[in-house]
Amino acid sequence: MGEKKILVTGGAGYIGSHVVKLLGDSGEHVVTLDDLSTGFEQAVVAGELVVGDTGDRVLLDRLFERDRYDTVMHFAAHTVVPESVADPLKYYRNNTSSSRVLLEAAQRYGVEHFVFSSTAAVYGVPEGGRADENTRLEPINPYGTSKLMTEWMLRDLGVAGGPRHVILRYFNVAGCDPAGAIGQSTPNATLLVKVACEAAVGRRAGVSIFGTDYSTPDGTGLRDYIHVSDLARAHVDALGYLRRGGESCTLNCGYGHGYSVREVLQAVAEASGEALNIREEPRRAGDPPELIAVADRIRATLGWTPRFDDLGEIVRTNLEWERRIAARDPRAYWAA
Ligand code: UD1
């Protein structure tokens, strides 16, 4: 047993890989556990990759017996909202039951800190479109419920002497590593910025606007888009906070202001110099008109300071990565 390590589940995925990179840059010793169902081996640019399932008790025992981990960061999850509606048990198995197995191992092996990837989906459709951490928790899909159940397990385990934890509730994550080393290559993407960038580089025929009749300034949905590198920084800040003895807490991750779908598409068109082929379609089921973070607590608690709070920069970094994929650049990776 050498120095303390950090176990990152889902570290080969979009957000996890950006956190692993930053942890590596910060001199941390990282082990990624990922089943590579949607992640990529090449995305893990620091530490060691172990291919396997977060819910695999035997594998977890082997990992925890081999190395001493002071912290677990838990990203591994299914994240497609409509799929969670169609196949809820898939979400409860992977996002909830596997989290329970992981928590049990963390408890058994005396892990001190736990950082959990949660989501703004736990709020459902908050009144007025804004959510602070005390807003009522009313998820409207199994994805949100599956994450909320893990929040509750962590909370209850914390009371019973389990790891101190930071729960991070992500709003709309977008953008890619500004240095271009890693990016967003999730297969069958549904997230707006990724879809629009794929359209801009010709990887799809066009992009749809789901709903133009919302009671928002331009009739399209408003979201709080946060750059993945700022989000990654929040995890490293959470680690420092917990290591300094910080109490368990729950924090929204967003900038506290939003953009409409039309504004995002406009930014992609400007960054790419391509007019996008846009179709206006009816509202997508389950979409709130507006979802913006009240994001003061994360700044006050962690001292987190965003560096990429700029839609142009978010879109530019996403587009850069998409161009590499389109050009079959060997430095990029993508699903066959
Ligand atoms: C995402 C997250 C969700 C989180 C939420 C917080 C995932 C899979 N979902 O969902 O967990 O709770 O952010 O706000 O990570 N849109 C289009 N055309 C498209 C795609 C999207 O018009 O092709 C619109 C949507 O209607 C919505 C906005 O763009 O108004 C953003 O949608 P999307 O990128 O899919 O993210 P969310 O649904 O907000």
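Predicted model: local features only at pLDDT ≥ 70, side-chain atom pairs only at ≥ 80, totals over all residues.
Residues are numbered from 1 along each chain as its sequence is written, and side-chain values use heavy atoms, with hydrogens and water left out.

Helix packing comes first here. Two packed helices are described by the angle between their axes and the distance between the axes. Helices are DSSP runs (H or I, at least four residues), numbered from the N terminus. Their axes are lines fitted to C-alpha atoms over the stretch in contact, with angles running from 0 to 180 degrees between N-to-C directions.

Helix α10 (residues 311–326) packs with helix α8 (residues 261–272) at an angle of about 60 degrees, the axes lying 9 Å apart. The two helices, α8 and α10, are therefore oblique to each other; angles under 35 degrees count as roughly parallel, over 145 as roughly antiparallel, 65 to 115 as roughly perpendicular and the rest as oblique. The crossing of α8 past α10 is right-handed, a term used if the near helix is turned clockwise from the far one by less than a right angle. On the α8 side, the contact (heavy atoms within 4.5 Å) is made by Glu-263, Val-264, Ala-267, Val-268, Ala-271 and Ser-272, and on the α10 side by Leu-311, Val-315, Leu-319 and Arg-323. By class, seven of these residues are nonpolar, one is polar and two are charged. In this scheme Ala, Val, Leu, Ile, Met, Phe, Trp, Tyr, Cys and Pro count as nonpolar, Asp, Glu, Lys and Arg as charged, and the others, Gly among them, as polar.

Helix α6 (residues 192–200) also packs with α10, at an angle of about 50 degrees and with the axes 9 Å apart. Here too the helices, α6 and α10, are therefore oblique to each other, and α6 passes α10 in a right-handed crossing. Val-193, Lys-194, Cys-197, Glu-198 and Ala-200 of α6 meet Val-315, Asn-318, Leu-319, Glu-322 and Ile-325 of α10. This contact has six nonpolar, one polar and three charged residues.

The contact of α4 with α5 has ten nonpolar, seven polar and two charged residues.

A volume is the space filled by probe spheres set on the points, which are joined across faces, edges and corners. The largest cavity holds about 40 Å³, and its lining includes Tyr-14, Phe-40, Thr-186 and Tyr-333. That lining divides into five nonpolar, seven polar and no charged residues. The second largest cavity, of about 30 Å³, is lined by Arg-57, Leu-60, Val-101, Glu-104, Ala-105 and Arg-108. Four of these residues, the largest share, come from α4. This lining has three nonpolar, no polar and three charged residues.

Terms used. 1 Å grid on protein atoms, 1.4 Å probe; cavity = no way out; pocket = protein on both sides within 12 Å on 5 of 7 lines; lining within 4 Å.
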